4 protein chains.
Amino acid sequence: MLRFFTAGESHGKGIFAYLEGIPANFPVDFDFINRELSRRQRGYGRGGRMKIERDRVEFLSGVRLGRTLGSPILMAVWNRDYKNWEEIMRPEPGELPPEKQVTRPRPGHADLSGLLKFGFNDIRNVLERSSARETAGRVAAGALCKNVLRELGVEIGSYVVSIGSVKIEETDIQELPLTERFKRAEESEVRIPLPEKDGLFKEEIDRAKKEGESLGGTFVVFATGMPPGIGAHTQWDKRLDGRIAQAIMSIQAIKGVEIGLGFRGAELPGSKVHDEIFYSKEKGFYRETNRAGGLEGGMTNGEPIIVRAAMKPIPTLYNPLRSVDIETKEPFEASIERSDVCAVPAASVVAEAMLAITLLSAVLEEFPASDFNRLKKWWEDYRREVMNR
Amino acid sequence: MLRFFTAGESHGKGIFAYLEGIPANFPVDFDFINRELSRRQRGYGRGGRMKIERDRVEFLSGVRLGRTLGSPILMAVWNRDYKNWEEIMRPEPGELPPEKQVTRPRPGHADLSGLLKFGFNDIRNVLERSSARETAGRVAAGALCKNVLRELGVEIGSYVVSIGSVKIEETDIQELPLTERFKRAEESEVRIPLPEKDGLFKEEIDRAKKEGESLGGTFVVFATGMPPGIGAHTQWDKRLDGRIAQAIMSIQAIKGVEIGLGFRGAELPGSKVHDEIFYSKEKGFYRETNRAGGLEGGMTNGEPIIVRAAMKPIPTLYNPLRSVDIETKEPFEASIERSDVCAVPAASVVAEAMLAITLLSAVLEEFPASDFNRLKKWWEDYRREVMNR
Amino acid sequence: MLRFFTAGESHGKGIFAYLEGIPANFPVDFDFINRELSRRQRGYGRGGRMKIERDRVEFLSGVRLGRTLGSPILMAVWNRDYKNWEEIMRPEPGELPPEKQVTRPRPGHADLSGLLKFGFNDIRNVLERSSARETAGRVAAGALCKNVLRELGVEIGSYVVSIGSVKIEETDIQELPLTERFKRAEESEVRIPLPEKDGLFKEEIDRAKKEGESLGGTFVVFATGMPPGIGAHTQWDKRLDGRIAQAIMSIQAIKGVEIGLGFRGAELPGSKVHDEIFYSKEKGFYRETNRAGGLEGGMTNGEPIIVRAAMKPIPTLYNPLRSVDIETKEPFEASIERSDVCAVPAASVVAEAMLAITLLSAVLEEFPASDFNRLKKWWEDYRREVMNR
Amino acid sequence: MLRFFTAGESHGKGIFAYLEGIPANFPVDFDFINRELSRRQRGYGRGGRMKIERDRVEFLSGVRLGRTLGSPILMAVWNRDYKNWEEIMRPEPGELPPEKQVTRPRPGHADLSGLLKFGFNDIRNVLERSSARETAGRVAAGALCKNVLRELGVEIGSYVVSIGSVKIEETDIQELPLTERFKRAEESEVRIPLPEKDGLFKEEIDRAKKEGESLGGTFVVFATGMPPGIGAHTQWDKRLDGRIAQAIMSIQAIKGVEIGLGFRGAELPGSKVHDEIFYSKEKGFYRETNRAGGLEGGMTNGEPIIVRAAMKPIPTLYNPLRSVDIETKEPFEASIERSDVCAVPAASVVAEAMLAITLLSAVLEEFPASDFNRLKKWWEDYRREVMNR
């Protein structure tokens, strides 16, 4: 079992990821983790802060001489800008002048609910933690999980399918293997699997920007190489589909999650939805279709795991939204804390991280070895076993 | 915190729900729970077994003289048909003749993955637990949670939106309050909020039946009356949107979950997606729209919680699907274990239960919980507090 | 990971054990479980109720044709006497006449604290769940865990060391192997490892009975055959010593837990407390002493696990204790609900169950767990691996 | 519910505490936390390293302008000596020359079991995490919990009772209130409640030092001011006595835990063990004795919580212990990594921290308010309610 938590405020000292349960003796790929952090920061349509950040991971515990110790791993992504925020973000006691307190809740954010729940006077006490900056911690931890999964033959990737009203048609990419879609998405400024169409997407973003709008979109996140039987049908909270749904829906601004055909499957007759079962000596049991998105009965079925998610537009837009000051109760038009127009490409990278954490957690419930070498051996024994049924 | 689990096999002695954490002194409405169980069994398009079942709850522990004890509640929904299955389902040791073993995995079910994971020879060892019969336990526990929530002013309901290719247009129901949609759905044979359109839906089901097909569909499940601030933005696994997504996606055959606008919100510009904030002395802070589905930043915002889910067609259909015998490795055409054409109305009832369990669990993480009277008092204090900010 | 809970009230329908996580395909020994249940009911000094009970387990789920299914196991120990209690214990609504309500809290029981916590008027709402009858569920679940551990070469046993002021001297048994002490204890009416001294212990109990007193005592519970490395030093809540301490201290009336030398070790110099390390080709690393009780750094070290526990005298005694009526606030002398003089032998059997559950849980966090055959194979691989370091 | 974990290696960058669930708006007393850290480092008989450390806490997240945010709190106790250890402890990849690897397991430590479990070659990979240095994180988190409990009227303290063969007699302190014992212990070099007897204890330590020995001992840790009804009798893992036992036994080198009379109670007849119940208008229900140590039926009963623990002698002693090199399999006499003779005073401070974390966790399960002010109000309502029964 993995235990994974993040800590840290957006303009505080840093964002931190606590990750416990990674087997010992795993050789950590530091560059890979840093590249993942920078993937989160890219994408056409991001505002100014992304340029400042250039996140890098520092391991505070759990890794020694390049290898995991089996002890809790604490990762820091320090905030390079903290010194400019120290006065209003420091842990030490102090009073802020009223004009530095945030009293204007922004629609679409945690601001108002958080204020009421926690009994705050300053909305900054909410927004610093609800900010999507927190996902740096998710990506750092997810990168390490991906790193482990890769050594087990599991690859995770994603690509953007739509931004606002512009989208990639399924028919345009159906011939491309998932890994190829991912490879191409990595070359696209908006992470689409057809980078030659970047222009259309960038125009959509530019148009939104000009209109003072923000945009959401949809993306696919997938995993190849998972053997059948990870997750379990035996209890509601062991079903891997439910756990994946939680992990993805818990990402800031995500409002929808589908597995395989998802909502489209609800319109089709049964014969067009289920994946028939075949067998060959070379492959063992296999499918020729993957409408289930790799999950049946809450377990992996050996086919790629395919998840689609919907992100709402960023709630902070130039085009102001009406709200009410919490002190004066006067209406106002919501101010802008941050100016990205579209963060769908970044969200797809975060979703890869959450999928990696969820899958590795489920793998470690089935193969809970303390030593990575033992895990790998058992994993391969199991692959052989299910192959030779 | 609630702990909720089910136990039991489809043709075993019964389905059981373990529910721990319900405050003491709550007066249980037995009839209500039994009505909920029978709601799960209704719906046009169900096969023969539903007629046998007529489920009723028996409390085995945790309730005395009509009131909860604060101790673990164990509920049984006994299988009235067990005596006919005893020979092949009994716990006592015994060997089954090979012809009574199930060796033919059905596409779309847990059968094959479960077999490989657990190292079984008889697929019945999987299908008895992966069966949707398990949801009787979810509905029993969910009914008790609903019962508690109702006393706190929270109402949960659902309605079907589409079955196969036939659907209710949003524009046709937008004037109807949620509770009215629910009320009407209760009068519909397919649980749609416009029972006068039942005919269209029943035709779709009849057509599918004639063609040997099965059908999925979509439905809405909602909760009214939740105050703002339940759930938390502070950690990924405390976000209520993620927890709801898990709870709903963990229901058998559910492949998609949306909150509020969901996937549609991904196509719209920010100004059309976020819910502006208003204030009046009578209502406190409020919204005039509810595109967020009642959840912002992983917390309730005081508006109704609105979740939409997609169910795939039932994987067992007359129109046979190809598969492979696990012993002989010979291809065959998948047999029928059960003959419902469409279970979308039932799934919507199960989703109500899962939403109720999830919401009550989150409520009990915020409010003192050992005594229902104390809970109620402090719940009302809190409502007043957030109202008067 | 195991999930283990009990449910049920002392005079309710029965006591139930929920146990999730037992690997599939394990052949359950029903007679063994029933024998364990009856071991809990024996022991010189028990009152009348023990004769009525003669507990037997019924599996309600999770076991089919003698083997585990990998799905949640629900065990029932039905209360044979329920019909006599139905009027005051039934789940269905009803009012009890005031004279049937319990308003007199007994010192040493959960009565008063439970009443205040849950806001009850009738103390029966507390005592029915706090009663040691609940341990029937622990023993049933523990028996199944023992059954599994035995197949892995791990044996669990216990013996009583003292009752009241009479005790077995360490020097009298130090030559006896643990398993021999256990075997002899099974032949003793008070579960001591020197049954020839039963007379002394029975006299102590008889004397207490005559004086209207009750007696506590101490016992040892142990496990042989655990390989090194189960549990972990990496986090406070993964340390196996802590988890064992919780499991044992959570048994009704247990007030002290020691591992290995325990409190005696606190008086000795370091050179008399630590177990030196030796090596031979045949045994691998080994010890010639076991003062640590098989646990170092929160992990098993390959030596037998040895735990000693202290049980307080049963709080219900003929010799009355002063208390206060909760309604009238009048003092009274506490009445007797149950008349055992000494339950130390029974408690030692319960402690075996709790140790078994705790150890199996830790084993299943280290070893692949869905299929018992796979678990066994990898367990033996591991044993070989640590043996051949 | 609190989530509490530590991270960090003994000679790594620092020790870290992750603490989630502290209500918002609590004013943190930084000096108090630092004083607690220094209390852990004091005590006659500590070796050289204690002088280097002088630990101080840095809040990395969860606290802003002196108050908690309700978000996860991450505390760092940086290792001032890390630069001297960087070469062998750095996270970055690198090979150590064989002579810098630790291949000699020390009896009484996690060394050998950890090596086998995790498949390591260098014992440093175990000992860096199993070291008692980790308790700095426990004390930091515990200090914050104590800080919160104090505002609720709950005080936690401890005192040492014995070191090696020298002890304080119960009769010598029975007239002193617990808080007075604590106050005096704070003035003693060995944390005994009769500082005038320090000389005897210091002689014992000096003698052990001269003989190349180490010493263990026993101590009492207590809490005053807890109302009745915290914890629950309803499930084995909700019993507060079990949870306290786990928390204390999980401390490095602790081998025994007692509550109230503990093992002594096992020798006495029932009439000498249970605490009779009295009532007065001023005090509500109360006791004149506290043999139960404040816990009945797994719940607080309103009397002080009293726990006694046994610490084994530090396993690293000058007087060498025999062991075996893991590479060569040659016997050797165990080397000294650290030179404290006695750490019982420090352990008592750590136990205070663990008791504080456990009690606050149980309090927050009963009063799970997000806002400290709301918690405090509910807490006082509850106190009044139970007082006025």
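Me: What counts as a polar contact, and how many residue pairs are in polar contact across the interface of chain D and chain C?
Reply: A polar contact is a pair of N or O atoms within 3.5 Å, where within protein one must be able to donate a hydrogen and the other to accept it. In this predicted model, the rule finds 41 such residue pairs across the interface of chain D and chain C, both residues at pLDDT 80 or more. By class, the side of chain D that touches chain C has 47 nonpolar, 34 polar and 24 charged residues.

Me: How many salt bridges does the rule find across the interface of chain D and chain C?
Reply: Four. Glu276(C) and Arg322(D) meet through their side chains in a salt bridge, at 2.8 Å from N to O.

Me: What is the area buried between chain D and chain C?
Reply: The size of an interface is often given as the accessible area lost when the parts come together. Here about 8,400 Å² is buried between chain D and chain C, with 61% of that from carbon and sulfur atoms. Each chain is represented in the contact: 105 residues from chain D and 105 residues from chain C.

Me: Which strands join chain C to chain D, and do they run parallel or antiparallel?
Reply: Strands of a sheet pair through backbone hydrogen bonds, either parallel or antiparallel. Strand E10 (residues 254–259) of chain C and strand E10 (residues 254–259) of chain D run antiparallel and are joined by three bridges. Val257(C) stands opposite Val257(D) there.

How values were computed: Residues are numbered from 1 along each chain as its sequence is written. Chains are lettered from A and ligands numbered from 1 in the order in which they are written. This is a predicted model: local features need pLDDT of at least 70, side-chain atom pairs count only at pLDDT 80 or more; totals for chains, interfaces and linings use all residues. Side-chain values use heavy atoms; hydrogens and water are left out. Contact means heavy atoms within 4.5 Å. Buried area is the accessible area (1.4 Å probe) that two parts lose on being put together, summed over both. A polar contact is a pair of N or O atoms within 3.5 Å; within protein, one must be able to donate a hydrogen and the other to accept it, and residues adjacent in sequence count only if both atoms are side-chain atoms. Ala, Val, Leu, Ile, Met, Phe, Trp, Tyr, Cys and Pro count as nonpolar, Asp, Glu, Lys and Arg as charged, and the others, Gly among them, as polar. Two strands pair if DSSP finds at least two bridges between them. Helices (H or I, at least four residues) and strands (E, at least two) are DSSP runs, numbered from the N terminus.
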